[in-house]
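Subject: Structure handover

Hi,

Here is the structure I promised to pass on to you. Please open it alongside this note.

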Amino acid sequence: MKHVIVYGNGPTKEMMLEIAKRMKKKPVVIIIGESNLKVDEVLSYEEVYDSKKAIINLDKCDRCGECLKACQKGAISKLFKVNWDLCEGCPACYYSCPLGAIDFKIVKSGEIRVFISDGIPIVEYTYAPWMNRYVFVRHVRDIAKRLATDENTWIIEEGWHPMPWAFNVRVDGCDDSEANLVLGSGCQPPSLKDLDSVVRELEVMI
Ligand code: SF4
Ligand code: SF4
């Protein structure tokens with residue numbers, strides 16, 4: 001199994017489908033963010049619930065402000081609403097509340113849909129800002145690997161921005177430790193007009 005990561009936004013999706021179509025002689029699986037690709041057959045759909053978020057019951061809350069002081073993430077507004085983009089589900093606000101007005105909820109963090117488009121298996125994902133992307137990307141890649149028909153299958157994956165290792169682990173441009181090839185330089189997508197050279201580069205490797 002070979003793994004290509006294409007970095008960038010917008011035009012990358014068109015490019016990936018085009019690359020996959022041109023590589024039809026070899027088995028290909030695409031991993032892609034939310035797209036408008038034609039769906040010929042849905043193979044599976046999964047909702048991922050893995051994030052705990054605080055909820056304030058405003059009927060119980062007397063607006064004492066203790067939770068606001070306790071939250072180190074600035075996730076609680078002056079109207080005592082919790083911003084889930086900032087909330088990390090820690091128990092600080094919960095323990096600070098004298099009235100037991102705070103509870104937690106496991107919320108949806110992502111969706112994964114697997115479908116066939118023009119004969120090509122597509123693993124399409126969406127995720128909330130609070131998603132643990134490091135875990136999610138492993139899960140999505142595992143699904144793609146299960147779709148691979150044999151060891152010659154190419155997985156073409158849209159680069160995830162920002163990836164945890166994009167800033168922490170990655171040492172050489174857009175290198176990704178799981179990838180055999182990374183397209184796009186300086187984390188910019190290769191331009192559509194360069195598609196022929198992109199496909200040529202891939203074909204040389206096959
Ligand atoms: S759970 Fe933690 S991060 Fe979330 S609102 Fe409460 S104190 Fe803030
Ligand atoms: S600590 Fe409890 S009662 Fe006080 S403002 Fe926060 S939720 Fe309301």
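Below is what I found in it, beginning with the conventions and the ligands.

This is a predicted model, in which local features need pLDDT of at least 70 and side-chain atom pairs count only at pLDDT 80 or more, while totals for chains, interfaces and linings use all residues. Residues are numbered from 1 along each chain as its sequence is written, chains are lettered from A and ligands numbered from 1 in the order in which they are written, and side-chain values use heavy atoms, with hydrogens and water left out.

**The two ligands**

Around ligand 1 there are 13 residues, and the closest are Cys-71, Cys-87, Glu-88, Cys-90 and Cys-93. A residue is taken as near a molecule if one of its heavy atoms lies within 4 Å of it. That shell is made up of 10 nonpolar, one polar and two charged residues. In this scheme Ala, Val, Leu, Ile, Met, Phe, Trp, Tyr, Cys and Pro are nonpolar, Asp, Glu, Lys and Arg are charged, and the others, Gly among them, are polar.

Ligand 2 is surrounded by 14 residues, with Cys-61, Cys-64, Gly-65, Cys-67 and Cys-97 the closest. Its shell divides into 10 nonpolar, one polar and three charged residues.

How do two of these cysteines stand for accessibility? Cys-71 is buried, because its relative accessible area is 17%, whereas Cys-64 is partly exposed at 40%. Buried means under 20% relative accessible area, exposed over 50% and partly exposed in between, using a 1.4 Å probe and protein chains only. The whole structure has zero disulfides, a disulfide being a pair of cysteine sulfur atoms within 2.5 Å.

Helices (H or I, at least four residues) and strands (E, at least two) are DSSP runs, numbered from the N terminus. Strand E2 covers residues 28-33, and six of its six residues are buried, so the strand is largely enclosed by the rest of the structure. Val-28, Ile-30 and Ile-32 point one way, while Val-29, Ile-31 and Gly-33 point the other way. In a regular strand the side chains alternate between the two faces of the sheet.

E2 pairs with E6 in the parallel sense over four bridges; pairing requires that DSSP finds at least two bridges between the strands. Here Val-29 stands opposite Ile-155 in E6. E2 is also joined by four bridges to strand E5 (residues 120-127), again running parallel, and Ile-32 has Glu-124 as its bridge partner in E5.

Ile-156 lies in E6 (residues 154-158) and is buried, because its relative accessibility is 0%.

**Helix H4**

H4 (residues 133-147) has 15 residues and reaches 21 Å from its first C-alpha to its last, close to the 21 Å expected at 1.5 Å a residue; the expected span is 1.5 Å times one less than the number of residues. Its buried residues are Arg-133, Phe-136, Val-137, Val-140, Arg-141, Ile-143 and Ala-144.

**Loops to look at**

Phe-80 has a positive phi of about 60° although it is not a glycine. Phe-80 lies in the loop between H2 and helix H3 (92-96) and, at 8% relative accessibility, is buried.

Best wishes
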